[in-house]
Amino acid sequence: TNPDSGDRARRTGNWNYDTLWPTPTCMAKHMLLDHLGYHGFVADNLKIFHKYQGSIKPPGDAYDLHPGYLGAPKQLSSIDWLTDHGSVLHAMAQNALLSGDEQILEESLEPILKGCEFLRDARRNSKHDGAKGVLPPAVATDTGVATQAVWNIAWNYKGLDSAVRLLRRIGHPSADEFAVEAREYKEAFVNAYRERAATMPSWTGDDGVEHRVAPTGLFGPEMQSHPFFLDTGPM
């Protein structure tokens, strides 16, 4: 708890991560703590993202400030990834879904809707040279290089998909709009990923079968030696 502001935030660790890294801390929330029933604790530690929503510029040249963007507040930020938005959005939606708590839903619904609006607007942003219909290039790793990384695209799709499930659960009138958004987002990604994959070099296994190297993104430099290549497969 910050004694000056009263903000609560989970730190990534007690070694040198004295800043807030939204993606890994949200993974601890939605992969572990919520499933163990600590719904109130998770909700309390997500409120910092409610408070500072829209005050952080997404980490990419094609982006401007947007009232729906979710990320670490500037005073706690280290290296921002575009995955932060998707991981927070997913954590908020799942927390409301799993808890069934009306107060949690009431407090998180507006940030969730604004988070969906950010993804809708970002997908329509054509001020970049990358694939259209998905998110413009942005930072996805500690290299600080902006790409259309699978890591970014998958996390944000996950957040949108979970938000749609929540909105449908409560019968919200925006559920259908954002369900269409999620479907078109997925289709645009699959088409662009297949086009990128067709340009990749091949490798041959011990059985003599030739395979394409799986791309780590749709546009920008390939980072196959970066450990995040391991993350984009499971995602």
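Predicted model: local features only at pLDDT ≥ 70, side-chain atom pairs only at ≥ 80, totals over all residues.

Let me start with Phe 49. Setting aside neighbours within four places in sequence, Phe 49 is in contact, meaning heavy atoms within 4.5 Å, with Leu 20, Pro 22, Cys 26, Leu 70, Gly 71, Ala 72, Val 88 and Met 92. Residues are numbered from 1 along each chain as its sequence is written, and side-chain values use heavy atoms, with hydrogens and water left out.

Where does Phe 49 stand in the largest nonpolar core? A nonpolar core here is a set of buried Ala, Val, Leu, Ile, Met, Phe, Trp, Tyr and Cys residues joined through side-chain atoms within 4.5 Å. Buried means under 20% relative accessible area, exposed means over 50%, and partly exposed lies in between, with a 1.4 Å probe and protein chains only. The largest such core has 51 residues, and Phe 49 and Val 134 touch the most other members. At least two residues of this core come from each of α1 (22-33), α2, α3, α4 (102-123), α5 (150-169) and α6 (175-197). Helices are DSSP runs of H or I with at least four residues, numbered from the N terminus. The greatest contribution is that of α4, with 9 residues. Apart from this core lies another, of 7 residues, including Val 139, Ala 140, Trp 151 and Trp 155.

I turn to a helix pair. Helix α2 (residues 39-52) and helix α3 (residues 83-99) pack at about 145 degrees, with axes 10 Å apart. The axes are lines fitted to C-alpha atoms over the stretch in contact, and angles run from 0 to 180 degrees between N-to-C directions. On the α2 side, the contact is made by His 39, Val 42, Ala 43, Leu 46, Phe 49 and His 50, and on the α3 side by Val 88, Ala 91, Met 92, Asn 95, Leu 98 and Ser 99.

Next, α1. Its buried residues are Pro 22, Thr 23, Thr 25, Cys 26, Lys 29, His 30 and Leu 33, and their cover includes α2, α3 and α5.

Is Ser 87 buried or exposed? Ser 87 counts as buried because its relative accessibility is 0%. A polar atom of the Ser 87 side chain lies 3.0 Å from the backbone oxygen of Asp 84.

Asp 7, in the segment before α1, is also of interest. Asp 7 has a relative accessible area of 11% and is therefore buried. Its side chain makes polar contacts (pairs of N or O atoms within 3.5 Å, one able to donate a hydrogen and the other to accept it, with residues adjacent in sequence counting only if both atoms are side-chain atoms) with the side chain of Lys 51 at 2.9 Å and with that of Tyr 52 at 2.6 Å. The C-alpha atoms of Asp 7 and Ile 48 are 6.1 Å apart, although 41 residues separate them along the chain.

Finally, Arg 194 of helix α6 counts as exposed, because its relative accessibility is 59%.
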